[in-house]
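Please consult the sequence and the model while reading the points below.

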Amino acid sequence: FIQQWAGPADQAYEVLFTWIRHVPIQPTVIMETPLLDATFNALTDPATMELAADVIIETYRMYPSHHPSNQGLVQKMIPLSSKLPFEQALGSGDEDILRTYCRVITEMGES
């Protein structure tokens, strides 16, 4: 979807962030959308990394793991979070990337 979007990618992530924060969406809808995978993939692109992290963190906050109805979404998001290229980020020494990944993993643990 994001690849076919004619507008700027950051605008798509801003809309997705707002959608997750303000619209009561069933967790299965988010779980099944290709936007979730695209958002995790966007964490590896410096141009979209911060917004993608905001979307993921907001998803963890709005759909906490202690609610039984969120289990499927959480079970999909944990492996996606675990696939972040941590070793590559550590090797790069880029503090922005490391901070962003830390934010995602911290929120995953708190959710």
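A residue is called buried when its relative accessible area is under 20%, exposed when it is over 50%, and partly exposed in between, with a 1.4 Å probe and protein chains only. This is a predicted model, in which local features need pLDDT of at least 70 and side-chain atom pairs count only at pLDDT 80 or more, while totals for chains, interfaces and linings use all residues. Residues are numbered from 1 along each chain as its sequence is written, and side-chain values use heavy atoms, with hydrogens and water left out. Helices (H or I, at least four residues) and strands (E, at least two) are DSSP runs, numbered from the N terminus.

**Helix H4**
- In H4, the buried residues are Met-49, Ala-52, Ala-53, Val-55, Ile-56, Ile-57, Glu-58, Thr-59 and Tyr-60.
- Their cover includes H1, H2, H3, H5 and H7, where contact means heavy atoms within 4.5 Å.
- The end C-alpha atoms of H4 are 20 Å apart, in agreement with the 20 Å that its 14 residues should span at 1.5 Å a residue; the expected span is 1.5 Å times one less than the number of residues.

**The largest nonpolar core**
- A nonpolar core is a set of buried Ala, Val, Leu, Ile, Met, Phe, Trp, Tyr and Cys residues joined through side-chain atoms within 4.5 Å.
- The largest such core has 26 residues, of which Ile-30, Leu-36, Phe-40, Leu-43, Ile-56 and Met-77 touch the most other members.
- At least two residues of this core come from each of helices H1 (9–22), H3 (34–42), H4 (49–62), H5 (71–82) and H7 (95–110).
- H4 gives the largest share, six residues.

**Phe-40**
- Phe-40 lies in helix H3 and is buried, with a relative accessible area of 4%.
- Not counting residues up to four places away in sequence, Phe-40 touches Ile-56, Met-77, Leu-80 and Ser-81.

**Helix H5**
- The buried residues of H5 are Leu-73, Val-74, Met-77, Leu-80 and Ser-81.
- Seen down the axis of H5, these buried residues fall within an arc of 130 degrees, so they line one face of the helix; the arc is that of the directions from the helix axis to the C-beta atoms.
- The buried residues of H5 pack against helix H2 (27–32), H3, H4, helix H6 (86–92) and H7.

**Asn-70**
- Asn-70 lies in the loop between H4 and H5 and counts as buried at 4% relative accessibility.
- Leaving aside neighbours within four places in sequence, Asn-70 is in contact with Pro-27, Tyr-63 and Pro-64.
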